[in-house]
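I set out the terms as I came to them.

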Amino acid sequence: MSGARTLAQKLVARAAGRSHVTPGEIVTCRVDLAMFHDSSGPRRLKPMLAELGAEIWDKDKVVLVIDHYVPEADDEARRIVRIARDWAAELRLPHVYDSQGICHVVVPQHGHIRPGMFCVGGDSHSPTGGAFGAYMFGIGATEMLGVVTTGEIWLQVPQTIFMRWSGRLADGVSAKDMMLAMIGRHGMNGGEYQAVEFCGEAVAALGMQERMTLANMSAELGAQAGLVAPDETTRAWLQDAGTADVETAPWQSDEDAPGVHHDFNASTLAPQVALPHSPANVRPVSDLARVPVDVAYIGACTGAKLEDLRAAARVLAGRRIAPGVQLLIAPASVRDRLAAEREGILRRLVDAGATLLPSACGACAGYGGAIPDGSTVISSTARNFKGRMGSASAQVFLGSPYTVAASALRGCISDAREILS
């Protein structure tokens with residue numbers, strides 16, 4: 001039997017205090033970081049901890065992000081956010097990010113995730129952390145209660161599914177298109193609740209925020225974790241986030257590591273669009289007949305990071321969106337919003353006719369009433385389930401920020417490559 005191991009095996013073995021773990025066996029892992037937000041965290045954990053008379057095992061390993069119900073739109077939102085703020089103050093939690101943006105972007109931007117870590121999050125898109133060579137997955141409130149009281153969680157060691165991308169993406173094609181292509185081919189259960197590792201020349205060429213898009217939407221692929229092996233790109237990005245001495249060498253899959261392999265060619269990939277009402281209902285944009293849009297939405301942890309805003313601004317610079325189209329942009333974090341402002345990106349977007357929304361989960365979580373009933377929406381978010389964005393009668397299509405911007409410009413779902421060329 002080969003001693004070659006996958007990145008997932010190495011990460012889980014380290015957390016379990018073992019030299020080697022085998023797919024299928026059940027191990028107990030020490031947690032390096034537990035993240036939750038105003039929706040998944042205090043309002044559920046506070047009463048359960050009080051009932052147990054229990055305390056948080058290590059406050060320095062807990063991060064709370066207030067992102068779902070801000071800005072507070074009604075009394076219920078104010079109640080939920082007040083619980084989170086009061087609890088954080090009462091416990092003197094050291095890592096609290098209030099109205100700073102979406103947790104999956106804010107947490108790595110503040111240096112909380114590094115290669116080799118084992119992390120959990122109280123949100124289904126927590127696998128975003130895997131972009132940094134950490135093992136991170138989403139858990140429910142009851143599991144989170146166990147983690148915050150003991151610092152541990154059990155895990156069945158996953159098999160690894162390798163998604164290998166050769167070639168290079170064309171201009172106007174992005175990680176979102178790669179992800180939609182994978183979900184379109186393998187379906188929303190294609191990840192089989194195992195570890196999916198994204199690899200190959202095209203993945204290595206991506207910047208960190210594009211890698212975050214891949215890891216983030218491994219949730220829509222049905223994986224437990226989505227991983228990208230860390231490299232110099234990872235190291236440089238984390239250094240900018242204030243994390244020095246990042247070790248990347250140990251956190252790679254061995255050459256002959258066991259797993260299932262699927263191959264894709266980035267060079268031939270066209271922009272992809274997911275039709276209502278599933279991220280797996282995918283077609284190349286060229287296959288769509290003219291689909292007029294009412295709302296173009298660039299937001300969410302998967303679709304409004306700085307690199308996403310840059311992509312949209314490239315399409316829209318010096319142009320105006322089509323009459324009758326609403327272009328809504330909610331930058332994923334305050335840090336990315338400020339960077340986009342310094343670079344002149346926000347000015348280009350606003351001059352094109354965009355309306356800027358707060359840096360929060362917003363319409364992606366169906367919050368804030370931004371999506372009118374009966375509208376046709378092209379969105380850079382991760383999910384287009386019926387009613388997901390707040391309106392059960394809206395028809396929501398998913399695309400990359402390039403595709404959303406091009407669609408806003410032309411008034412119908414469009415291929416950004418035609419504009420960029």
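Predicted model: local features only at pLDDT ≥ 70, side-chain atom pairs only at ≥ 80, totals over all residues.

I began with contacts, where contact means heavy atoms within 4.5 Å.

Residues are numbered from 1 along each chain as its sequence is written, and side-chain values use heavy atoms, with hydrogens and water left out.

**Overall form**

I counted secondary structure from DSSP runs, with helices as H or I of at least four residues and strands as E of at least two, numbered from the N terminus; the protein has 14 helices and 18 strands. Its radius of gyration, taken over C-alpha atoms, is 21 Å, close to the 22 Å that the globule rule gives for 421 residues, so the protein is as compact as a globular protein of that length; the rule is 2.2 Å times the number of residues to the power 0.38. The C-alpha trace spans about 60 × 55 × 40 Å along the principal axes.

For the surface I used accessible areas from the Shrake-Rupley method with a 1.4 Å probe, where for residues only the protein chains shown count as cover. The protein exposes about 15800 Å², of which carbon and sulfur atoms supply 47%.

**The five-stranded sheet**

I then traced an open sheet of five strands, whose order is β4-β3-β2-β5-β6 with parallel pairing; two strands pair if DSSP finds at least two bridges between them. Its edge strands, pairing on one side only, are β4 (96-98) and β6 (135-138), and the twist averages 15 degrees from one strand to the next. Strand β5 (residues 118-121) runs parallel to β6 and is joined to it by four bridges, and I found Met136 in β6 as the bridge partner of Cys119.

Helix α3 (residues 75-91) touches β2 (33-37), β3 (62-66) and β4, and its direction makes about 145 degrees with that of β3. Helix α5 (residues 141-150) touches β2 and β5, at about 135 degrees to the direction of β2.

**Enclosed elements and cores**

Which residues of α1 are buried? I listed Leu7, Ala8, Gln9, Lys10, Leu11, Val12, Ala13, Ala15 and Ala16; with nine of its ten residues (7-16) buried, the helix is largely enclosed by the rest of the structure. Just after α1, Gly17 takes a positive phi of about 70 degrees.

A nonpolar core here is a set of buried Ala, Val, Leu, Ile, Met, Phe, Trp, Tyr and Cys residues joined through side-chain atoms within 4.5 Å. The largest has 66 residues, among which Leu327, Leu349 and Ile413 touch the most other members, and helix α10 (residues 306-316) gives it the largest share, seven residues. Another core, of 44 residues, lies apart from it and includes Val27, Leu64, Ala84 and Ala88.

**Backbone exceptions**

Most residues other than glycine have a negative phi, and most peptide bonds are trans, so I looked for departures. The Val70 to Pro71 bond is cis, with omega near -10 degrees, and Pro71 lies in the loop between β3 and α3. A cis bond also joins Pro276 and His277, with omega about -5 degrees.

Are the non-glycine residues with positive phi that I looked up, Asp245 and Ala300, buried or exposed? Asp245, with phi near 55 degrees, is exposed at a relative accessible area of 80%, whereas Ala300, with phi near 85 degrees, is buried at 2%. Ala300 lies in the loop between β14 (295-298) and α10.

Definitions and conventions:
Buried < 20%, exposed > 50% of the residue type's maximum accessible area, 1.4 Å probe, protein only. Axes fitted to C-alpha atoms, helices over the stretch in contact; angles between N-to-C directions.
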